[in-house]
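Hello,

Here is the structure I promised to pass on. Please have a look, and my notes follow below.

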Amino acid sequence: FQVPFVVRFFKGNLLLGSAHVDMKSTLIELAEEAGVKIPTNCTSGTCGTCMVKLLEGEVPLTDPLPSGLDEYLVEQCARLSCIGIPIGETSVDLTPPL
């Protein structure tokens with residue numbers, strides 16, 4: 001029996017909701033499942049509207065980076081929730097790094 005991994009959505013210290021990680025759904029899709037609204041625009045990683053901060057866990061980046069992210073933002077733990085797929089136990093803050 002394998003315990004399912006969970007992604008948790010925070011706004012600062014406030015837990016907004018959580019959903020089970022299925023290794024194929026994006027953070028946006030999992031947030032919707034958890035009843036959490038993340039703003040989106042392009043849904044392709046271009047604009048950066050859906051940027052969140054990775055608090056713990058792993059959301060792999062694409063190579064090359066999508067145009068909505070740069071090295072500085074990645075160093076600040078930024079991820080784009082429209083294309084980011086969490087693998088394993090994950091926590092994100094909806095407040096993007098600045």
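How far is the sulfur of C82 from the closest cysteine sulfur? The distance is 3.6 Å, to the sulfur in C50, which is too far for a bond. A disulfide here means a pair of cysteine sulfur atoms within 2.5 Å, and the structure holds zero of them. Both cysteines count as buried (under 20% relative accessible area, with a 1.4 Å probe and protein chains only): C50 has 4% relative accessibility and C82 has 10%.

A word on the basis: this is a predicted model, in which local features need pLDDT of at least 70 and side-chain atom pairs count only at pLDDT 80 or more, while totals for chains, interfaces and linings use all residues. Residues are numbered from 1 along each chain as its sequence is written, and side-chain values use heavy atoms, with hydrogens and water left out.

Now the fold. The protein has two helices and five strands, taken as DSSP runs (H or I, at least four residues, for helices; E, at least two, for strands) and numbered from the N terminus. Their order from the N terminus is β-β-α-β-α-β-β. Of the contacts (heavy atoms within 4.5 Å) between residues at least 6 apart in sequence, 60% join residues at least 24 apart.

As for overall dimensions, the C-alpha trace spans about 40 × 25 × 25 Å along its principal axes. Buried residues account for 43% of the 98 in the protein.

Best wishes

Definitions and conventions
Buried < 20%, exposed > 50% of the residue type's maximum accessible area, 1.4 Å probe, protein only.
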